[in-house]
Amino acid sequence: MANEGSADLPKPDVAIGMLDGLPISGFQIALLVMTGMAVVFDGIDNQIIGLAAPSLISEWRISTNALGLIFGAGFAGMVLGTLIGGWIGDRFGRRSALLAGIIAFGAATFATGFTQSVTEIAVLRMIAGLGLGGVPGTAAALIAEYMPSKYRPAAVSFGIICVAIGGIIGGFAASVILPSLGWRWFFYIGGALPLCATVLFYWGLPESPSFLLSRPHRRSELLRILERVGHPDPQGAISRIPPETHVYAPIADLFSPNIRRDTLALCAALFFGLFLIYSMFNWAPTLLFSNGFALPQTHAGLTAFNIGGVIGSIATGFAMTRFGSRPVLALLGSMAALICIGLALSPLSPDYAKPLLFALFVFGLTGSSVQSTIYAVASNAFPTRLRARGIGLMAGAGRLGAVFSAIGGATLVDHGGSAFFGALAVVLILEAIFLACVRNHIRAAHLRPAP
């Protein structure tokens, strides 16, 4: 922690500082809920094609290779979407980027219900991916910029774990809609709901205070937001800030000497993090099924992992606020690696289903929560002018890890549980090393300057 607060590190944002000494207001809680809703829709759409895949295979008799083409097209769109979403967020505002992402994946998903070929689905999944890729990072930046520092890590973590919550909701919805209405209606409903919600988001979500502060011609809008938050002297707070002319920072600034190490370390950490997450999402059920587990048990295994991740991410957010992100993430990553080693050395048999489910729950509680809270670290590490693109670049590297998991996961599953969980233990160790290289971690509460 010695380097934190050094002169060459990004300085705290002025607009965020204006909120740090305030209690959290009902207005901010409402904003957090709305932003979380947007990420829930992202999470549902993220897994919608996987949930509909059995119905597609049954009706169209498509091959697994054709299904892989659809998955790959979606991942390719997400990689591009993380970068495009970050660019829109820093250039035109976090709110604009969030709305554009939701409209993109909502419209593409709704249109998927009308498709007649694998190619049409693949093209639409790529378009959906453009929106899906940018929403979580943009939401993380937006949440970070309107929450007080005391609640910021937990709030950002909550926003990101809404992806997993969306996945859980999507699974329950699939079990109701697919048998009764069919896969086309699953896409109609899955696309129409986020499109309708954009009306709420358009009228209810304001732009982030930090972004508005960087645009002198929008200071009046910032004043109205501070008044709604409950700032005791919003006019005075704004008047003490020089009306600087905004200069758009090029993306190359992410690799300037003061933040280059954080940029590279966070990108590498999330690459390995999403390799782990998507290996579990896509391949853990197949691994269990191939080792004799019944289908309900395979679903229960992934559900246990997801539930552990949701609970762990919320707890980790509060722990990082109290103790700082560096020691908390190091502890959780180490525990997750030990659990993976234990799973690699244990027999993968239905006879040990209950201990396995508990181990997967604890694995989610530790390993999955690290991936969600990386976004909170990134929100702290990147300055306002680069935050959306920095998180977008990091998320893009993570999506590449997801692509590699589609390839590497198949090989690991073929070699059994020992190879699968042993490889994930190595991945967690590598991730922990890169997270340790990040300089601008979230400080412990007692090390932060007084607001």
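The questions and answers below go through a predicted model of one protein chain, from its overall make-up to single residues.

Residues are numbered from 1 along each chain as its sequence is written, and side-chain values use heavy atoms, with hydrogens and water left out. Because the model is predicted, local features need pLDDT of at least 70 and side-chain atom pairs count only at pLDDT 80 or more, while totals for chains, interfaces and linings use all residues.

Q: How many helices and strands does the secondary structure of the protein chain come to?
A: Helices (H or I, at least four residues) and strands (E, at least two) are DSSP runs, numbered from the N terminus. Counted in this way, the protein chain has zero strands and 16 helices.

Q: What percentage of the 451 residues in the protein chain is buried?
A: A residue is called buried at under 20% relative accessible area, exposed at over 50%, and partly exposed in between (1.4 Å probe, protein chains only). By that rule, the buried share of the 451 residues is 57%.

Q: How is α5 oriented relative to α6, roughly parallel or roughly antiparallel?
A: Axes are lines fitted to C-alpha atoms, for helices over the stretch in contact, and angles run from 0 to 180 degrees between N-to-C directions. The axes of helix α5 (residues 118-146) and helix α6 (residues 152-181) come within 9 Å and cross at roughly 155 degrees. Angles under 35 degrees count as roughly parallel, over 145 as roughly antiparallel, 65 to 115 as roughly perpendicular and the rest as oblique, so α5 and α6 are roughly antiparallel.

Q: Which residues of α6 meet α5?
A: Contact means heavy atoms within 4.5 Å. On the α5 side, the residues are P136, A140, I143 and A144, and on the α6 side they are R152, A155, V156, G159, I160 and V163.

Q: What is the class make-up of the contact of α6 with α7?
A: The axes of α6 and helix α7 (residues 183-204) come within 7 Å and cross at roughly 135 degrees, which makes α6 oblique to α7. The contact joins G170, A173, A174, I177, L178 and L181 of α6 to W183, W185, F186 and I189 of α7. Ala, Val, Leu, Ile, Met, Phe, Trp, Tyr, Cys and Pro count as nonpolar, Asp, Glu, Lys and Arg as charged, and the others, Gly among them, as polar. By class, the contact has nine nonpolar, one polar and no charged residues.

Q: Which residues of α4 meet α2?
A: The axes of helix α2 (residues 26-60) and helix α4 (residues 94-112) come within 11 Å and cross at roughly 35 degrees. From α2, the residues A38, F41, D42, D45 and I48 take part, and they meet L98, I102, F105 and T109 in α4.

Q: Why does N46 count as buried?
A: N46 has its place in helix α2, and leaving aside its neighbours within four places in sequence, N46 is in contact with M78, L132, V163, Y278 and R399. N46 counts as buried because its relative accessible area is 14%.

Q: How far apart in space are L360 and G309, C-alpha to C-alpha?
A: L360 lies in helix α14 (residues 353-381) and, at 3% relative accessibility, counts as buried. Leaving aside neighbours within four places in sequence, L360 is in contact with M280, G301, A304, F305, L343 and F421. L360 and G309 are 51 residues apart in sequence, and their C-alpha to C-alpha distance in space is 9.8 Å.
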